Amino acid sequence: MNLVEKILARASGRESVAPGEIVVAKVDRLIMHDLSGYLTSQVYEKRVNVPIPDPERAVLVFDHHFAPPTEQQAEVLQHNRRWARKHGLKLYDCGNGNLHHAVVRNGHIKPGMIVVGSDSHTPVHGTMGALAVALGNDSHAGTVLPYGKAWFKVPETTRVHLEGTPKPGVTPRDIALWLVGRIGEGELNYRAVEFGGPYVRGLSFWDRWLFPLLCVDLGAKCSFVEPDEVTEAFVRTLPGGDPGLLVHGDGKEAAQVLRFDVGEAEPQVACPPTVGNVKPVAEVAGTPVQYAELGGHGGGRLEDFRAAARVLAGQRVHPDTRFHLVPSSREVFAEAAREGLVLALHEAGATWFPPSTGSNQAYNMGAMASDEAMISTHARNFPGRNGSPDASMYLASSETVAASAVAGVIASPEGGNA
(Lines give C-alpha, C1' and ligand atoms only; values in the text may rest on other atoms or scores of the structure.)
Protein backbone atom coordinates (compact mmCIF):
# COMPACT_ATOMS: atom_id res chain seq x y z
CA MET A 1 0.00 0.00 0.00
CA ASN A 2 1.07 3.59 -0.56
CA LEU A 3 0.84 6.46 1.93
CA VAL A 4 -2.82 7.29 1.20
CA GLU A 5 -3.92 3.66 1.41
CA LYS A 6 -2.01 3.05 4.65
CA ILE A 7 -3.52 6.11 6.31
CA LEU A 8 -7.04 5.10 5.27
CA ALA A 9 -6.49 1.52 6.44
CA ARG A 10 -5.26 2.65 9.86
CA ALA A 11 -8.05 5.18 10.31
CA SER A 12 -10.77 2.70 9.31
CA GLY A 13 -9.46 -0.15 11.49
CA ARG A 14 -8.54 -2.37 8.55
CA GLU A 15 -5.36 -4.21 7.68
CA SER A 16 -5.47 -3.06 4.09
CA VAL A 17 -7.55 -1.14 1.57
CA ALA A 18 -7.56 -1.10 -2.23
CA PRO A 19 -8.51 1.50 -4.85
CA GLY A 20 -12.24 1.65 -5.44
CA GLU A 21 -13.22 0.50 -1.95
CA ILE A 22 -15.32 2.78 0.25
CA VAL A 23 -14.29 3.08 3.89
CA VAL A 24 -15.50 4.99 6.93
CA ALA A 25 -12.45 6.47 8.62
CA LYS A 26 -11.64 8.53 11.68
CA VAL A 27 -10.87 12.17 10.90
CA ASP A 28 -8.02 13.75 12.84
CA ARG A 29 -8.53 17.40 11.92
CA LEU A 30 -11.28 19.57 10.46
CA ILE A 31 -10.12 22.97 9.21
CA MET A 32 -12.51 25.80 8.32
CA HIS A 33 -12.16 29.43 7.32
CA ASP A 34 -14.69 32.11 8.20
CA LEU A 35 -16.92 31.39 5.19
CA SER A 36 -17.00 27.60 5.45
CA GLY A 37 -17.27 27.79 9.23
CA TYR A 38 -20.34 29.97 8.91
CA LEU A 39 -22.06 27.57 6.49
CA THR A 40 -21.12 24.52 8.55
CA SER A 41 -22.40 26.13 11.73
CA GLN A 42 -25.76 26.91 10.13
CA VAL A 43 -26.30 23.27 9.20
CA TYR A 44 -24.98 21.99 12.52
CA GLU A 45 -27.15 24.17 14.70
CA LYS A 46 -30.32 23.69 12.66
CA ARG A 47 -30.09 20.00 11.78
CA VAL A 48 -27.71 18.33 14.26
CA ASN A 49 -27.80 20.50 17.39
CA VAL A 50 -25.89 18.30 19.83
CA PRO A 51 -22.71 18.99 21.81
CA ILE A 52 -19.54 18.38 19.78
CA PRO A 53 -17.80 15.47 21.52
CA ASP A 54 -14.23 16.26 20.38
CA PRO A 55 -14.03 20.02 19.80
CA GLU A 56 -10.22 19.92 19.71
CA ARG A 57 -10.57 18.15 16.36
CA ALA A 58 -11.80 21.37 14.66
CA VAL A 59 -9.88 24.58 13.89
CA LEU A 60 -11.43 27.80 12.58
CA VAL A 61 -9.35 30.57 10.95
CA PHE A 62 -10.66 33.99 9.90
CA ASP A 63 -8.80 34.75 6.68
CA HIS A 64 -11.31 36.05 4.10
CA HIS A 65 -13.18 38.73 6.13
CA PHE A 66 -9.94 39.82 7.80
CA ALA A 67 -11.21 43.40 8.12
CA PRO A 68 -14.95 43.25 7.38
CA PRO A 69 -16.04 46.27 5.29
CA THR A 70 -19.78 45.77 5.84
CA GLU A 71 -22.07 45.12 8.78
CA GLN A 72 -23.21 41.87 7.15
CA GLN A 73 -19.64 40.55 6.96
CA ALA A 74 -18.97 41.64 10.53
CA GLU A 75 -22.05 39.68 11.65
CA VAL A 76 -20.65 36.54 9.99
CA LEU A 77 -17.54 36.81 12.15
CA GLN A 78 -19.53 37.53 15.30
CA HIS A 79 -21.70 34.49 14.63
CA ASN A 80 -18.60 32.34 14.16
CA ARG A 81 -17.05 33.64 17.38
CA ARG A 82 -20.19 32.77 19.35
CA TRP A 83 -20.37 29.33 17.74
CA ALA A 84 -16.70 28.60 18.48
CA ARG A 85 -17.12 29.65 22.13
CA LYS A 86 -20.28 27.58 22.50
CA HIS A 87 -18.59 24.37 21.39
CA GLY A 88 -14.99 25.04 22.47
CA LEU A 89 -13.55 25.10 18.96
CA LYS A 90 -10.06 26.45 18.39
CA LEU A 91 -10.36 29.88 16.77
CA TYR A 92 -7.69 32.02 15.11
CA ASP A 93 -9.23 35.47 14.68
CA CYS A 94 -8.44 38.12 12.06
CA GLY A 95 -4.78 38.77 11.33
CA ASN A 96 -3.41 35.28 12.01
CA GLY A 97 -2.86 34.39 8.35
CA ASN A 98 -4.57 32.36 5.67
CA LEU A 99 -6.21 29.09 6.61
CA HIS A 100 -3.69 26.55 5.40
CA HIS A 101 -0.55 28.36 6.51
CA ALA A 102 -2.03 29.26 9.90
CA VAL A 103 -3.00 25.70 10.82
CA VAL A 104 0.41 24.38 9.79
CA ARG A 105 2.36 27.12 11.52
CA ASN A 106 0.43 26.55 14.75
CA GLY A 107 1.11 22.82 14.81
CA HIS A 108 -2.38 21.51 13.98
CA ILE A 109 -1.32 19.34 11.03
CA LYS A 110 0.91 16.29 11.50
CA PRO A 111 2.17 13.57 9.18
CA GLY A 112 -0.14 10.56 9.00
CA MET A 113 -3.29 12.53 9.82
CA ILE A 114 -6.56 12.59 7.93
CA VAL A 115 -7.37 16.27 7.39
CA VAL A 116 -10.63 17.54 5.88
CA GLY A 117 -11.89 20.99 5.01
CA SER A 118 -14.29 22.57 2.56
CA ASP A 119 -11.64 24.79 1.00
CA SER A 120 -10.70 23.24 -2.34
CA HIS A 121 -6.98 23.59 -1.63
CA THR A 122 -7.13 21.44 1.52
CA PRO A 123 -5.06 18.73 -0.30
CA VAL A 124 -2.01 21.00 0.10
CA HIS A 125 -1.47 19.38 3.52
CA GLY A 126 -0.29 16.29 1.71
CA THR A 127 3.02 18.16 1.74
CA MET A 128 3.16 17.15 5.42
CA GLY A 129 2.64 13.49 4.61
CA ALA A 130 -1.03 13.70 5.62
CA LEU A 131 -4.12 12.57 3.72
CA ALA A 132 -5.96 15.83 3.16
CA VAL A 133 -9.17 16.19 1.17
CA ALA A 134 -11.89 18.77 0.57
CA LEU A 135 -15.36 17.80 1.81
CA GLY A 136 -18.64 19.70 1.70
CA ASN A 137 -19.90 21.71 4.64
CA ASP A 138 -22.82 19.30 5.14
CA SER A 139 -20.34 16.45 5.62
CA HIS A 140 -18.56 18.48 8.28
CA ALA A 141 -21.83 19.11 10.09
CA GLY A 142 -23.36 15.66 9.62
CA THR A 143 -20.49 13.25 10.28
CA VAL A 144 -17.17 14.92 11.12
CA LEU A 145 -18.23 17.15 14.02
CA PRO A 146 -20.72 14.82 15.77
CA TYR A 147 -18.95 11.49 15.04
CA GLY A 148 -15.37 12.33 14.08
CA LYS A 149 -15.67 10.28 10.90
CA ALA A 150 -16.20 10.58 7.16
CA TRP A 151 -16.49 8.15 4.27
CA PHE A 152 -13.85 7.95 1.56
CA LYS A 153 -13.52 6.14 -1.74
CA VAL A 154 -9.94 4.87 -1.94
CA PRO A 155 -8.38 6.63 -4.96
CA GLU A 156 -6.01 5.19 -7.50
CA THR A 157 -2.60 6.84 -7.46
CA THR A 158 -0.73 8.72 -10.15
CA ARG A 159 2.94 9.38 -9.46
CA VAL A 160 4.40 12.53 -10.97
CA HIS A 161 8.13 11.89 -11.16
CA LEU A 162 10.23 15.04 -11.57
CA GLU A 163 13.89 14.94 -12.48
CA GLY A 164 16.48 17.15 -14.14
CA THR A 165 17.84 20.62 -13.41
CA PRO A 166 15.77 23.78 -13.93
CA LYS A 167 17.02 26.48 -16.27
CA PRO A 168 18.29 29.68 -14.65
CA GLY A 169 15.40 31.81 -13.43
CA VAL A 170 12.91 28.90 -13.35
CA THR A 171 11.39 28.50 -9.89
CA PRO A 172 9.31 25.71 -8.28
CA ARG A 173 6.16 27.81 -8.86
CA ASP A 174 7.00 27.99 -12.56
CA ILE A 175 7.36 24.23 -12.68
CA ALA A 176 4.11 23.65 -10.78
CA LEU A 177 2.19 25.85 -13.23
CA TRP A 178 3.97 24.21 -16.17
CA LEU A 179 2.85 20.78 -14.91
CA VAL A 180 -0.81 21.81 -14.89
CA GLY A 181 -0.44 22.79 -18.51
CA ARG A 182 1.43 19.62 -19.45
CA ILE A 183 -0.86 17.20 -17.62
CA GLY A 184 -4.10 19.06 -18.32
CA GLU A 185 -6.84 20.41 -16.09
CA GLY A 186 -9.15 17.69 -14.80
CA GLU A 187 -7.06 14.90 -16.33
CA LEU A 188 -6.41 13.12 -13.02
CA ASN A 189 -10.02 12.92 -11.85
CA TYR A 190 -10.37 11.52 -8.30
CA ARG A 191 -6.75 10.38 -8.27
CA ALA A 192 -4.26 10.56 -5.45
CA VAL A 193 -1.24 12.36 -6.89
CA GLU A 194 2.21 11.68 -5.49
CA PHE A 195 4.89 14.21 -6.34
CA GLY A 196 8.31 12.59 -6.21
CA GLY A 197 11.65 12.13 -7.91
CA PRO A 198 15.06 13.72 -7.32
CA TYR A 199 13.85 17.26 -8.09
CA VAL A 200 11.13 17.12 -5.42
CA ARG A 201 13.44 15.50 -2.88
CA GLY A 202 15.85 18.40 -3.30
CA LEU A 203 13.28 21.07 -2.48
CA SER A 204 12.63 22.76 0.84
CA PHE A 205 9.31 22.16 2.59
CA TRP A 206 7.72 25.42 1.43
CA ASP A 207 8.80 24.87 -2.17
CA ARG A 208 7.32 21.36 -2.10
CA TRP A 209 4.09 22.99 -0.87
CA LEU A 210 3.52 24.52 -4.32
CA PHE A 211 2.86 21.14 -5.96
CA PRO A 212 0.04 19.58 -3.87
CA LEU A 213 -1.48 23.08 -3.85
CA LEU A 214 -2.39 22.73 -7.53
CA CYS A 215 -3.58 19.12 -7.53
CA VAL A 216 -7.23 20.20 -7.43
CA ASP A 217 -6.77 21.85 -10.83
CA LEU A 218 -5.72 18.45 -12.16
CA GLY A 219 -9.02 17.04 -10.89
CA ALA A 220 -7.32 15.00 -8.16
CA LYS A 221 -8.90 14.05 -4.84
CA CYS A 222 -5.70 14.40 -2.85
CA SER A 223 -1.97 14.74 -3.25
CA PHE A 224 1.13 14.05 -1.23
CA VAL A 225 4.89 14.09 -0.98
CA GLU A 226 6.44 11.04 0.66
CA PRO A 227 7.69 12.26 4.06
CA ASP A 228 11.44 12.27 4.60
CA GLU A 229 14.10 14.06 6.61
CA VAL A 230 12.99 17.42 5.17
CA THR A 231 9.45 16.80 6.41
CA GLU A 232 10.59 15.68 9.84
CA ALA A 233 12.99 18.60 10.27
CA PHE A 234 10.26 21.08 9.35
CA VAL A 235 7.69 19.55 11.69
CA ARG A 236 10.17 19.78 14.56
CA THR A 237 10.22 23.57 14.14
CA LEU A 238 6.48 23.79 14.83
CA PRO A 239 4.72 24.10 18.22
CA GLY A 240 5.03 20.78 20.01
CA GLY A 241 7.77 19.60 17.68
CA ASP A 242 6.26 16.11 17.42
CA PRO A 243 6.66 14.68 13.89
CA GLY A 244 3.62 12.47 14.41
CA LEU A 245 3.23 9.32 12.36
CA LEU A 246 5.64 9.34 9.42
CA VAL A 247 3.79 6.98 7.10
CA HIS A 248 5.73 5.59 4.16
CA GLY A 249 4.54 3.66 1.14
CA ASP A 250 5.78 0.16 0.46
CA GLY A 251 7.71 1.21 -2.64
CA LYS A 252 5.42 -0.36 -5.22
CA GLU A 253 4.94 1.53 -8.47
CA ALA A 254 1.78 3.60 -8.76
CA ALA A 255 -1.04 2.66 -11.13
CA GLN A 256 0.12 5.48 -13.41
CA VAL A 257 3.52 7.16 -13.59
CA LEU A 258 4.08 10.47 -15.38
CA ARG A 259 7.70 11.49 -15.86
CA PHE A 260 8.88 15.03 -16.56
CA ASP A 261 12.25 16.71 -17.01
CA VAL A 262 12.03 20.06 -15.23
CA GLY A 263 14.83 21.33 -17.44
CA GLU A 264 12.25 21.72 -20.21
CA ALA A 265 10.26 24.37 -18.32
CA GLU A 266 10.46 28.12 -18.87
CA PRO A 267 9.20 30.80 -16.47
CA GLN A 268 5.41 30.54 -16.68
CA VAL A 269 2.31 32.69 -16.40
CA ALA A 270 -1.16 31.19 -15.98
CA CYS A 271 -3.39 33.40 -18.12
CA PRO A 272 -7.14 33.93 -17.89
CA PRO A 273 -9.53 32.20 -17.68
CA THR A 274 -8.08 29.12 -15.87
CA VAL A 275 -4.97 27.89 -14.11
CA GLY A 276 -4.20 25.49 -16.96
CA ASN A 277 -3.91 28.25 -19.56
CA VAL A 278 -0.16 28.55 -19.01
CA LYS A 279 2.26 30.28 -21.31
CA PRO A 280 5.94 31.24 -21.13
CA VAL A 281 6.38 34.71 -19.66
CA ALA A 282 7.86 35.87 -22.95
CA GLU A 283 4.55 35.28 -24.76
CA VAL A 284 2.58 37.66 -22.54
CA ALA A 285 5.34 40.11 -21.59
CA GLY A 286 4.29 43.71 -21.98
CA THR A 287 0.69 43.18 -20.83
CA PRO A 288 -0.17 46.10 -18.51
CA VAL A 289 -0.98 45.23 -14.88
CA GLN A 290 -2.54 47.61 -12.38
CA TYR A 291 -2.04 45.23 -9.45
CA ALA A 292 0.70 42.84 -8.39
CA GLU A 293 0.31 40.72 -5.26
CA LEU A 294 2.34 38.31 -3.21
CA GLY A 295 -0.19 36.37 -1.15
CA GLY A 296 -2.73 33.58 -1.15
CA HIS A 297 -2.20 29.91 -0.44
CA GLY A 298 0.67 29.84 -2.95
CA GLY A 299 2.37 33.03 -1.85
CA GLY A 300 3.07 35.23 1.13
CA ARG A 301 5.85 32.93 2.26
CA LEU A 302 9.11 34.31 3.58
CA GLU A 303 10.71 32.94 0.41
CA ASP A 304 8.41 35.16 -1.68
CA PHE A 305 9.33 38.35 0.15
CA ARG A 306 13.02 37.54 -0.04
CA ALA A 307 12.67 37.04 -3.80
CA ALA A 308 10.79 40.33 -4.16
CA ALA A 309 13.46 42.20 -2.22
CA ARG A 310 16.13 40.83 -4.54
CA VAL A 311 14.16 41.88 -7.63
CA LEU A 312 13.36 45.36 -6.27
CA ALA A 313 16.86 46.10 -4.96
CA GLY A 314 17.67 49.62 -6.12
CA GLN A 315 14.31 49.94 -7.92
CA ARG A 316 10.79 51.14 -7.16
CA VAL A 317 7.27 49.93 -7.88
CA HIS A 318 5.91 51.40 -11.12
CA PRO A 319 3.65 54.43 -10.51
CA ASP A 320 0.77 52.82 -12.41
CA THR A 321 0.88 49.55 -10.42
CA ARG A 322 -0.07 48.76 -6.81
CA PHE A 323 2.16 46.09 -5.27
CA HIS A 324 0.40 44.26 -2.40
CA LEU A 325 2.30 42.15 0.13
CA VAL A 326 0.16 39.75 2.19
CA PRO A 327 2.01 37.54 4.71
CA SER A 328 0.69 34.01 4.91
CA SER A 329 0.97 34.03 8.71
CA ARG A 330 1.96 36.21 11.64
CA GLU A 331 5.13 34.16 11.93
CA VAL A 332 6.14 35.04 8.36
CA PHE A 333 5.52 38.75 8.96
CA ALA A 334 7.66 38.64 12.10
CA GLU A 335 10.46 36.88 10.25
CA ALA A 336 10.25 39.39 7.39
CA ALA A 337 10.47 42.24 9.90
CA ARG A 338 13.51 40.72 11.61
CA GLU A 339 15.27 40.35 8.24
CA GLY A 340 14.59 43.96 7.24
CA LEU A 341 12.30 42.94 4.38
CA VAL A 342 9.32 44.90 5.68
CA LEU A 343 11.15 48.23 5.57
CA ALA A 344 13.02 47.48 2.33
CA LEU A 345 9.87 46.60 0.39
CA HIS A 346 7.88 49.43 1.97
CA GLU A 347 10.51 51.94 0.88
CA ALA A 348 10.44 50.46 -2.62
CA GLY A 349 6.76 51.40 -2.86
CA ALA A 350 4.98 48.18 -1.90
CA THR A 351 2.07 48.08 0.57
CA TRP A 352 1.80 45.55 3.40
CA PHE A 353 -1.54 44.03 4.39
CA PRO A 354 -2.48 41.93 7.45
CA PRO A 355 -1.67 38.20 7.38
CA SER A 356 -4.69 36.75 5.58
CA THR A 357 -5.82 35.32 2.27
CA GLY A 358 -5.36 38.76 0.70
CA SER A 359 -7.37 39.64 -2.38
CA ASN A 360 -8.77 36.13 -2.74
CA GLN A 361 -12.30 36.74 -4.06
CA ALA A 362 -11.93 40.43 -3.14
CA TYR A 363 -13.73 40.21 0.20
CA ASN A 364 -11.55 42.95 1.68
CA MET A 365 -9.16 44.10 -1.05
CA GLY A 366 -8.16 43.65 -4.65
CA ALA A 367 -11.46 44.19 -6.47
CA MET A 368 -10.74 45.21 -10.06
CA ALA A 369 -12.57 47.31 -12.62
CA SER A 370 -13.41 45.79 -15.98
CA ASP A 371 -10.30 47.11 -17.73
CA GLU A 372 -7.81 46.23 -14.98
CA ALA A 373 -5.43 43.29 -14.55
CA MET A 374 -3.57 41.68 -11.66
CA ILE A 375 -0.58 39.34 -11.56
CA SER A 376 -0.22 37.38 -8.33
CA THR A 377 0.96 34.25 -6.56
CA HIS A 378 -2.62 33.21 -5.82
CA ALA A 379 -3.91 29.76 -6.68
CA ARG A 380 -6.89 30.76 -8.85
CA ASN A 381 -7.58 33.14 -11.74
CA PHE A 382 -11.21 32.48 -12.75
CA PRO A 383 -13.23 35.34 -14.29
CA GLY A 384 -14.96 37.45 -11.67
CA ARG A 385 -12.84 36.12 -8.84
CA ASN A 386 -11.60 39.62 -8.03
CA GLY A 387 -14.25 42.12 -9.02
CA SER A 388 -15.41 42.52 -12.59
CA PRO A 389 -15.74 39.34 -14.68
CA ASP A 390 -14.05 41.30 -17.45
CA ALA A 391 -10.93 41.97 -15.36
CA SER A 392 -7.89 39.76 -15.92
CA MET A 393 -5.97 37.69 -13.36
CA TYR A 394 -2.56 36.23 -14.13
CA LEU A 395 -0.67 33.80 -11.88
CA ALA A 396 3.10 33.54 -11.69
CA SER A 397 6.12 33.09 -9.45
CA SER A 398 7.02 35.71 -6.85
CA GLU A 399 10.00 36.75 -8.99
CA THR A 400 7.81 37.39 -12.05
CA VAL A 401 5.19 39.19 -9.93
CA ALA A 402 7.84 41.47 -8.43
CA ALA A 403 9.44 42.19 -11.80
CA SER A 404 6.01 43.05 -13.21
CA ALA A 405 5.36 45.41 -10.28
CA VAL A 406 8.52 47.32 -11.22
CA ALA A 407 7.84 47.35 -14.96
CA GLY A 408 4.10 48.06 -14.77
CA VAL A 409 3.59 45.27 -17.29
CA ILE A 410 4.08 41.51 -17.17
CA ALA A 411 7.84 41.08 -17.19
CA SER A 412 10.47 38.42 -16.67
CA PRO A 413 12.86 38.97 -13.75
CA GLU A 414 15.61 37.85 -16.10
CA GLY A 415 14.80 39.85 -19.18
CA GLY A 416 12.47 42.73 -18.40
CA ASN A 417 9.34 42.99 -20.55
CA ALA A 418 10.93 42.03 -23.82
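Reply: Gladly! One thing to keep in mind is that this is a predicted model. Let's start with the second largest pocket, which holds about 280 Å³ of space.

Me: What makes a residue part of the lining of the second largest pocket, and which residues are the closest to its centre?

Reply: A lining residue has an atom within 4 Å of a pocket point. There are 21 residues that line this pocket, and the closest to its centre are Thr 171, Ala 307, Arg 310, Ser 398 and Glu 399.

Me: Which helices supply at least two residues each, and which gives the most?

Reply: Helix H6 (172-183), helix H11 (302-312) and helix H14 (398-407) each supply at least two. H11 gives the most, with five residues.

Me: How do you know which domains the lining draws on?

Reply: At least three lining residues come from each of domain 1 (3-14 + 21-260) and domain 2 (269-410), so both domains contribute to the second largest pocket.

Me: What is the make-up of that lining by class?

Reply: Seven residues are nonpolar, six polar and eight charged.

Me: What about the largest pocket: what is its volume, and which residues are the closest to its centre?

Reply: Its volume is about 330 Å³. Of its 18 lining residues, Asn 2, Asp 250, Lys 252, Glu 253 and Ala 254 are the closest to the centre. Helix H1 (3-11) and strand S8 (157-163) are the elements that give two or more residues to this lining.

Key:
Residues are numbered from 1 along each chain as its sequence is written. This is a predicted model: local features need pLDDT of at least 70, side-chain atom pairs count only at pLDDT 80 or more; totals for chains, interfaces and linings use all residues. Side-chain values use heavy atoms; hydrogens and water are left out. On a 1 Å grid over the protein atoms alone, a cavity is a set of points where a 1.4 Å probe fits but cannot get out, and a pocket is an open set with protein on both sides within 12 Å along at least five of seven lines; lining residues have an atom within 4 Å of a point. Grid points are joined across faces, edges and corners, and a volume is the space filled by probe spheres set on the points. Helices (H or I, at least four residues) and strands (E, at least two) are DSSP runs, numbered from the N terminus. Ala, Val, Leu, Ile, Met, Phe, Trp, Tyr, Cys and Pro count as nonpolar, Asp, Glu, Lys and Arg as charged, and the others, Gly among them, as polar.
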